[in-house]
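Welcome, and please get your viewer ready.

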There are 4 protein chains.
Amino acid sequence: MRLHCQDVPGIVYHVSRFIYENGGNIINAEQHAEAMDNRFFMRVHFDCDGLGLSRADFIKQLQALANTFGMETALTFSDTRKRMAIMVSRYNHCLYDLLLRHQYGEINADLALVVSNHPELEPVAREFSIPFHHIPVAPGQKEKAEANVLNLFSEYQVDFIVLARYMQILTDGFISRYEHRIINVHHGFLPAFKGAKPYHQAYEHGVKIIGATSHYATAELDMGPIIEQETVRVDHTHSAEDLVAMGRDIERHVLATAVKAHGDDRIMVYRRRTIVFR
Amino acid sequence: MRLHCQDVPGIVYHVSRFIYENGGNIINAEQHAEAMDNRFFMRVHFDCDGLGLSRADFIKQLQALANTFGMETALTFSDTRKRMAIMVSRYNHCLYDLLLRHQYGEINADLALVVSNHPELEPVAREFSIPFHHIPVAPGQKEKAEANVLNLFSEYQVDFIVLARYMQILTDGFISRYEHRIINVHHGFLPAFKGAKPYHQAYEHGVKIIGATSHYATAELDMGPIIEQETVRVDHTHSAEDLVAMGRDIERHVLATAVKAHGDDRIMVYRRRTIVFR
Amino acid sequence: MRLHCQDVPGIVYHVSRFIYENGGNIINAEQHAEAMDNRFFMRVHFDCDGLGLSRADFIKQLQALANTFGMETALTFSDTRKRMAIMVSRYNHCLYDLLLRHQYGEINADLALVVSNHPELEPVAREFSIPFHHIPVAPGQKEKAEANVLNLFSEYQVDFIVLARYMQILTDGFISRYEHRIINVHHGFLPAFKGAKPYHQAYEHGVKIIGATSHYATAELDMGPIIEQETVRVDHTHSAEDLVAMGRDIERHVLATAVKAHGDDRIMVYRRRTIVFR
Amino acid sequence: MRLHCQDVPGIVYHVSRFIYENGGNIINAEQHAEAMDNRFFMRVHFDCDGLGLSRADFIKQLQALANTFGMETALTFSDTRKRMAIMVSRYNHCLYDLLLRHQYGEINADLALVVSNHPELEPVAREFSIPFHHIPVAPGQKEKAEANVLNLFSEYQVDFIVLARYMQILTDGFISRYEHRIINVHHGFLPAFKGAKPYHQAYEHGVKIIGATSHYATAELDMGPIIEQETVRVDHTHSAEDLVAMGRDIERHVLATAVKAHGDDRIMVYRRRTIVFR
């Protein structure tokens, strides 16, 4: 259960009492008080085995509690794994990384399908027994292509989307359908080096550290709430191409970290910032 | 309040109810379940302003709760700042670092005094207006010197001790007086390179990364519970002396991080591991 | 060209003159003076296109120069790519990583074959079109299995070997055949946590940083010259299994870094230390 | 000796011959070929003890060599230590750090004086026996104040200037007097978060990593050639004030690294990039 509300006394107590009295057993609880707007955030992971009422009734009761405190709440059950779609173009490093981590059990979600605007990576998906769909994006036909993708996502019951170096800009309409459920990786240390060719921008600036950023996609390009960032040291001996190669390592890692946190329901978004619980 | 006990259902609820019903307001609570021994750890930071009973009575009530669950509890009040002693020899980098961080308000403790077996760093302490005592350690006279130090600590009401590159090995008797209240910095990545000249050991081994470790001092040299570690990359161009210089930067940082965590009562020790809450 | 010798005046000049007068053009040169034994190391990368003599004659002349200065020299030509063998057991993360980096052109070597004591990873090798040989190691039959491996290496003209989490200890006889040409990855921060289950050792010690190490295999287990190390921060919330998962990321990275350096002939070994030129 | 020129064959040879034939002994030489503009950079550290001609004559000969290859050269002698000025305002962390590193012998330069627009840090300079001059900057009187500073620098024979969190923007006139000889530290990961309050900008963006940058000051604010950068991981639990505190650690480190490299004459600037030799 994740919730946020005005920061007033007693929230931890009332939430833990609510869970306890309904037969739940708290396994872990984390809070965060954001100074901005005096806002309180909480995530509680509790065991439902002993719940003395149905889930539907629990949710009804929770709504009553939420109303009392003006809480926004989100409740998910760990026995209902989320279903994830991966969108790629031609780069394979993030795709392989996610497929392997999924295989190792690191990602708490089911991999529903892979969608690409190019056919090249089909064998990779197939080798991991994941359905692959090639949806080309013809010039001027982006909305039609997106409609096809949305149909697929509906058919595959997709809960969230991972843009694993998908080289197309999605329309606002598409993004708004999956608010805070599209995870993108940007190959630069945002907010520096937005847009195209960030490694080449970094090279020309002569920076001594490059970075990669995973974030929720929003209508404003490369400006959505940041989930994870990572950096790596570079120097004058590295060409722009070297930066691209070094960047591959941190791109896949920041993306995987974000996907794992999302799969575990450990992320809360407030304004343009994320709270990523442990 | 910090506590640990067997991990049974309802602890978060009972602790938060106890605090709530006595008029406390939880600001932050963190838990940790250690798989080893099925042990549950909790730290609760709560506001006492509205307590409906005296602190003494609160403590009595807490003891009753603790008995019910077989908890070990520790309660400290943030309006009672701990008093810290620093022990040094001749190296000044950790001392300066702690004095500056204390001046910046980063360390949640009062700096009671500086004790050294050498006189050289007296001007440094004086410049920050901290009492300095020179207690030489003559060969074969360690216990006598330690007795003098203990007298000073008693007089200055010292709660915990920071060994800021103090180059003497303390006796078991001394250490046992301040169990888990003596913070040492070792200039190596423990458990590698225990004992003397760790940077030279590291150089000869040709390691590509060196480290520093802060830990609670225990009777077994350099084996106490680790609080913080940090590493820095080195290569063949660095001499053993370069490693010493690079090590200074990480030594002061791991020590300061440990001192801050201890000052905030964020550390719990269980067996040889530490839980360092945020 | 790599060389080392006593550190006397004029070496850089004599080497650069030798190359220049024979029609070579220096692209890059790096030196290193090791204080131990007053030893001088040099690596020169030069363009051979304008050589005024045959390679065989160049090598003869070089030998004369080497004799003058008591140099040990090694000369390799970048148009003769080295041939690499990968040995694996069942873990696939390092294998995938090397196959992908090889595909990206990051590794300056040809991938000759993959050898495993288990059959499971054959499809992975096949998918990248690399020959795979399953050489089981029956109890008490290690030397026979190694003989088979050596035959394969001979047949495939293997220059160096990468142990990509190969879970067998090689015999001294095998190792001595490929001195400083077998690259191993150890899933611990050597020299701490040698031997089996290093992540579990690290967990029990309560370290706050874990590491991985790539090194040349030598007769003494986990004690060969270190090529690269990497660390990652952990805390009390991580189980031993979490450390294993986090370790996978740094294992594959330290191994790849070592393989790339070896492929580029950028490594020199002196005693138990490595010099890794840029 | 540092030099750069068009990248043509034979430069390493001709430079090493020039040094050898004049009686110099090369201790270390590094080269770098910058793909942009096909430019070649070289730094040679050689022993002058056996020079067969006067330094003045050596410089004359060097000029002839430079003319042949169209080289830009810079020659400095390690027995002539550079003289460094530090400019500060009220923050003391970078000042203390530089004073201590100077005391440890880490910085290859003499500390000529400290200049401040505020009087508060005079005791700090005095404690390290460094002259301190308070030059206030009255509104509208910046150029007058700078003239006073320049007079002091002339009097103290200052070679280069370190802005150790000096909170005034220098005029272009001042900066142009010390081209590539004014080292500034910016408390943000440039080119992100230029200008004022970078940590607060970072906080509001919700970045997960903050940075600090040392660079040569140029007329364009916070856009001069970057010498060193460092980053540190942050999360939602950190307030903007926490970022300020964490930033102090990396600010002092990136500044010190830059000052050491400049003191050793290891930096070359080409366009907006720096080459920092080891």
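Helices (H or I, at least four residues) and strands (E, at least two) are DSSP runs, numbered from the N terminus. The model is predicted, so local features need pLDDT of at least 70 and side-chain atom pairs count only at pLDDT 80 or more, while totals for chains, interfaces and linings use all residues. Residues are numbered from 1 along each chain as its sequence is written, chains are lettered from A and ligands numbered from 1 in the order in which they are written, and side-chain values use heavy atoms, with hydrogens and water left out.

**A loop in chain B**

Select B:D265 to begin, in the loop between helix 8 (240–263) and strand 12 (267–270) of chain B. Its phi is near 55°, a positive value in a residue other than glycine. Most residues other than glycine have a negative phi, and most peptide bonds are trans.

**Two cis peptide bonds**

Stay in chain B and pick B:L190 and B:P191, whose peptide bond is cis with omega near 5°. B:P191 sits in the loop between strand 9 (182–186) and helix 7 (198–205) of chain B. Now go to chain A, where a cis peptide bond joins A:L190 and A:P191, with omega about 5°. Here A:P191 belongs to the loop between strand 9 (182–186) and helix 7 (198–205) of chain A.

**How the copies are related**

Helix 1 of chain A and helix 1 of chain B pack at an angle of about 135°, with their axes 9 Å apart. Axes are lines fitted to C-alpha atoms, for helices over the stretch in contact, and angles run from 0 to 180 degrees between N-to-C directions. These two helices are therefore oblique to each other; angles under 35 degrees count as roughly parallel, over 145 as roughly antiparallel, 65 to 115 as roughly perpendicular and the rest as oblique. Residues making the contact include A:Y13, A:R17, B:Y13 and B:R17.

**Inside chain D**

Move to helix 7 (residues 198–205) and helix 8 (residues 240–263) of chain D, whose axes come within 9 Å and cross at roughly 125°. This pair is therefore oblique too. Show side chains for the contact, among them D:Y199 and D:Y203 of helix 7 and D:L243 and D:R248 of helix 8.

**A salt bridge between chains**

Which residue forms a salt bridge with C:D235? Select A:R278: the closest N and O atoms of the pair are 2.7 Å apart. A salt bridge is a side-chain nitrogen of Lys or Arg within 4 Å of a carboxyl oxygen of Asp or Glu. The pair runs from the loop between strand 11 (226–233) and helix 8 (240–263) of chain C to the segment after strand 13 (273–276) of chain A. Over all chains, the count comes to 84 salt bridges.

Note on methods: Contact = heavy atoms within 4.5 Å.
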